Amino acid sequence: MQYTVVDKRRIAQHSVKKQPLVAISACLTGEKVRHDGRDAEFPATSNNWIHFLELLPMCPEIDIGMTIPRGETKLVRKNEQHSLVDSITNQDYTEKMLDYAQMQVDLLSEAGICGFIFKRGSASCGLVNVPVSIQGKDGNSVNGRGLFAMVFTTLNPQIPVIEEQQLSDPIQVEQYLARVQFYQEWLDCGKIGWTFDKIRQFHRENRYFFLSRLPQLVQNLEKLINKLEETSTHPETIALEYMIKAQKGLNVVSKKGQIANTMELILSKFSNHLTKEEMHEVAEQIRSFRSGVVSRNAPLKVLNDYRNRYAMNDKSVDRFISSVPLEIYFDE
């Protein structure tokens, strides 16, 4: 059975651009692949942050051979299973979609994608609350997941995913981009293989990043590493389990106070380099961020300037400051 698969030319272009590669439901980028021949372009995908990603548009329904136009697909519950059905012809595409999804998900992982932006409510791509029709009954039960999205998230729980409507919120955008950037760091670090020492080094280098997002992750991930190492688990398996657990924790939106507290911890590392006036300047920027007067970029840029000026070589500080490109402005 032949399906359209990942465009290897796009992957080659990505390897030159060095930006995180993120798959996205094609209709969200303006491609007219919806059942009615229209797109579902989402305004947020034209914002400045999107230019820091390399997007890989894909439409599972078109890839398995569905035509344009076609009947809108829907999820139908049959014998405790969810089926993907054309709402007009009642043709069942479940087997085709499952076969395609399992193949495509592996290819996407091998291609090094760092995230996926899914179309809300889609019977193929919706992550949550997709309407499900119960065969033989009227009305919908809104508790399903799109068939392709279900396979993707089940087989690759370490890859950050999000639905497009969440990207209307700057805080959600920043959180998602940080998770994507973190995942790319993990991929880059593991390109030539993982060792116990490399896993521990990666964890140390992300200490401040974790403290700013979910502080308990620092200790929880250390326990995971220790537990798996004691049972002689292979380093590659430990690295994967580490990322799965980390991404699950990072899926919680961070609090402003946590980020400000981490900034103050980092500022203390600068104390031997900065004058009292310079320390006061940074402290004031952090206080202004904590109280909502300025965005997080304001104190981060000042910290970054002093880090460069005094040539501070600390990967954990670098990772915290650059968790999201400083060129991106978030109106928080």
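On a 1 Å grid over the protein atoms alone, a pocket is an open set of points where a 1.4 Å probe fits, with protein on both sides within 12 Å along at least five of seven lines, and its lining residues have an atom within 4 Å of a point. This is a predicted model, in which local features need pLDDT of at least 70 and side-chain atom pairs count only at pLDDT 80 or more, while totals for linings use all residues. Residues are numbered from 1 along each chain as its sequence is written.

| Pocket | Volume | Lining |
|---|---|---|
| Largest | about 430 Å³ | 19 residues |

Leu-127, Val-161, Ile-162, Arg-179 and Asn-251 lie nearest the centre of the largest pocket. Helix α5 gives the most to this lining, with 4 residues. Helices (H or I, at least four residues) and strands (E, at least two) are DSSP runs, numbered from the N terminus.

Now to a helix pair. Helix α5 (residues 170–189) packs against helix α9 (residues 235–250) at about 170°, with axes 11 Å apart; axes are lines fitted to C-alpha atoms over the stretch in contact, and angles run from 0 to 180 degrees between N-to-C directions. The two helices are therefore roughly antiparallel (over 145 degrees). Among the contact residues (heavy atoms within 4.5 Å) are Phe-182 and Trp-186 of α5 and Met-243 of α9.

Key
Side-chain values use heavy atoms; hydrogens and water are left out. Angles under 35 degrees count as roughly parallel, over 145 as roughly antiparallel, 65 to 115 as roughly perpendicular and the rest as oblique. Grid points are joined across faces, edges and corners, and a volume is the space filled by probe spheres set on the points.
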